[in-house]
Amino acid sequence: MHDLLLGSHPLPASEWLALFTHFLVLSLLAVGGAITTVPDMQRFVVHEQGWLSDAQFTGCVALAQAAPGPNVLFVAVIGFNVGGLAGVLATMVGTLLPSTTLAMAATHWAKGHQESRWLRSFTTGLAPLTIGLLVATSWILLGPTRTQWTSIALALGTLLFMLRTRWSPLWPIAVGALAGALGWV
Amino acid sequence: MPEPEAALERPASQRAMFMAFTRLALQGFGGVLPVAQRELVERQRWLTRPQFLEMLSVAQVLPGPNIVNMALMIGDRFFGWRGALTAMTGILLAPLFVVLVLAVIAQQTQGMPGIAGALRGMGVVASGLILSTAWKLAGGLRRNPMGLPTCAALGGVTLLAIGVLRWPLVGVVLGLGAVGMALAFRKLP
């Protein structure tokens, strides 16, 4: 029970606060969805704090992709693996509180100003950044397996599958799980 | 195809709305948005398709997860700020429970080589899935008023700074974002 609440290596209060504040800041930078902040989460959680290994971090995102629900829940899995349910509280509240508050405050304003030049400059100007961040996310998630040609082939195969078919992403996820379990990637 | 306003329904209660959001969230594998459109527009008839798309465009401008922003806006529309919280909780609570159960199972079984391998393989596929999202969105850049070369430069520098040099996101989004916004502002009427 204790492990579940605080994780197998309980975070000291100061580190919990660092986790919470980092996700709080990233929440407001998530202009193309939470997934675009993955590179910075990985930089902080893996490289700066050393809470998770590169492979564990990628595993968190992979697990959430295989589960139903909003994609943002990957932050809960990261929180859980860093510091149990206390970690989930830090990453989930950190991710949702600022963006939710802003959404509630700005919705009514944004509805009437969708055509404003400022708002359109915002979406137009940030669109290329979002794509750069998504490609960076993809590259970083491939970090633990990037040196194997089989994993590059599986990632590119997934890309083709998603572009050419209208089937559910659960199919490539199942293929990936099988290939990984058999030691091919 | 405009749908008449009169044909719209509204959620019977906050509880009904909570259940509807929970149901659609649990059906959404690899993204809830397509399911949300089917459930809210076609099945429940709480919104017309143009209303749904308008809300989506607002949700995309705001930071934070688009589908969560959508839930907030829909909840707020019918039941004020309490409804917003109800809808957000509905879309997050049950899937959060499911994903945490999976996380516990993964943690308990991480010593087994097959499980660790499966998660590694799923990670490779996750990388490909996110690349496909990037690919689909990149198609829209052809219509971006800044022009394709400028977009490619902004996207490329972002990728380099974040993916290779591993600079903190704050500086990159504020710095390059300001450049992008300024360039876009000049090009837009």
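Helix 7 of chain A and helix 8 of chain A cross in a right-handed manner, in a structure that is a predicted model. The two elements comprise residues 149-164 and residues 170-181 of chain A, respectively, and their axes approach to within 10 Å with a crossing angle of roughly 165°. Because angles over 145 degrees are classed as roughly antiparallel, helix 7 of chain A is to be described as roughly antiparallel to helix 8 of chain A. On the side of helix 7 of chain A, the contact is made by Leu154(A), Thr158(A) and Phe161(A), whereas helix 8 of chain A contributes Trp171(A), Pro172(A), Val175(A) and Gly176(A). By residue class, this contact between helix 7 of chain A and helix 8 of chain A consists of 5 nonpolar and 2 polar residues, with no charged residue taking part.

With regard to the chain as a whole, the secondary structure of chain A amounts to 8 helices and 0 strands, so that, given how helices and strands are assigned, the order along the sequence reads α-α-α-α-α-α-α-α. The C-alpha trace of chain A extends over about 55 × 45 × 30 Å along its principal axes. Chain A has 185 residues, of which 54% are classed as buried. Among the contacts in chain A with a separation of 6 or more, 58% are between residues 24 or more positions apart.

Burial was then examined for an individual element, helix 3 of chain A, which covers residues 38-48. Since 9 of its 11 residues are buried, helix 3 of chain A is largely enclosed by the rest of the structure. The buried residues of this helix are Val38(A), Pro39(A), Asp40(A), Met41(A), Gln42(A), Arg43(A), Phe44(A), Val45(A) and Val46(A). After helix 3 of chain A comes Gly50(A), for which phi takes a positive value near 65°.

Aromatic contacts were considered next. A pair of aromatic rings is characterised by the distance of the centres together with the angle of the planes. Over all chains, the structure contains 6 aromatic pairs. In one of these, Phe44(A) and Trp51(A) are arranged edge-to-face, the centres being 5.7 Å apart and the planes at 80° to each other. Phe44(A) has a relative accessible area of 4% and is therefore buried, and Trp51(A), at 17% relative accessibility, likewise counts as buried. The pair of Phe161(A) and Trp167(A) is also edge-to-face, with 6.2 Å from centre to centre and 80° between the planes. Trp167(A) is classed as exposed because its relative accessibility is 55%, against a threshold of over 50%. Phe161(A), Trp167(A) and Trp171(A) belong to one aromatic cluster, and two members of that cluster, Phe161(A) and Trp171(A), are also among the residues through which helix 7 and helix 8 of chain A meet.

Arg45(B), although not a glycine, has a positive phi, near 60°, and is located in the loop that links helix 2 (33-43) to helix 3 (49-61) of chain B. With a relative accessibility of 30%, Arg45(B) is assigned as partly exposed. For Arg166(B), which is not a glycine either, phi is positive at about 60°. Arg166(B) is situated in the loop between helix 6 (148-164) and helix 7 (169-187) of chain B.

Notes
Residues are numbered from 1 along each chain as its sequence is written. Chains are lettered from A and ligands numbered from 1 in the order in which they are written. This is a predicted model: local features need pLDDT of at least 70, side-chain atom pairs count only at pLDDT 80 or more; totals for chains, interfaces and linings use all residues. Side-chain values use heavy atoms; hydrogens and water are left out. Axes are lines fitted to C-alpha atoms, for helices over the stretch in contact, and angles run from 0 to 180 degrees between N-to-C directions. Helices (H or I, at least four residues) and strands (E, at least two) are DSSP runs, numbered from the N terminus. Angles under 35 degrees count as roughly parallel, over 145 as roughly antiparallel, 65 to 115 as roughly perpendicular and the rest as oblique. A crossing is left-handed if the near helix is turned anticlockwise from the far one by less than a right angle, and right-handed if clockwise. Contact means heavy atoms within 4.5 Å. Ala, Val, Leu, Ile, Met, Phe, Trp, Tyr, Cys and Pro count as nonpolar, Asp, Glu, Lys and Arg as charged, and the others, Gly among them, as polar. Rings of Phe, Tyr and Trp (its six-membered ring) pair if their centres lie within 6.5 Å; planes under 30 degrees apart count as stacked, over 60 as edge-to-face and the rest as tilted. Buried means under 20% relative accessible area, exposed over 50%, partly exposed in between (1.4 Å probe, protein chains only).
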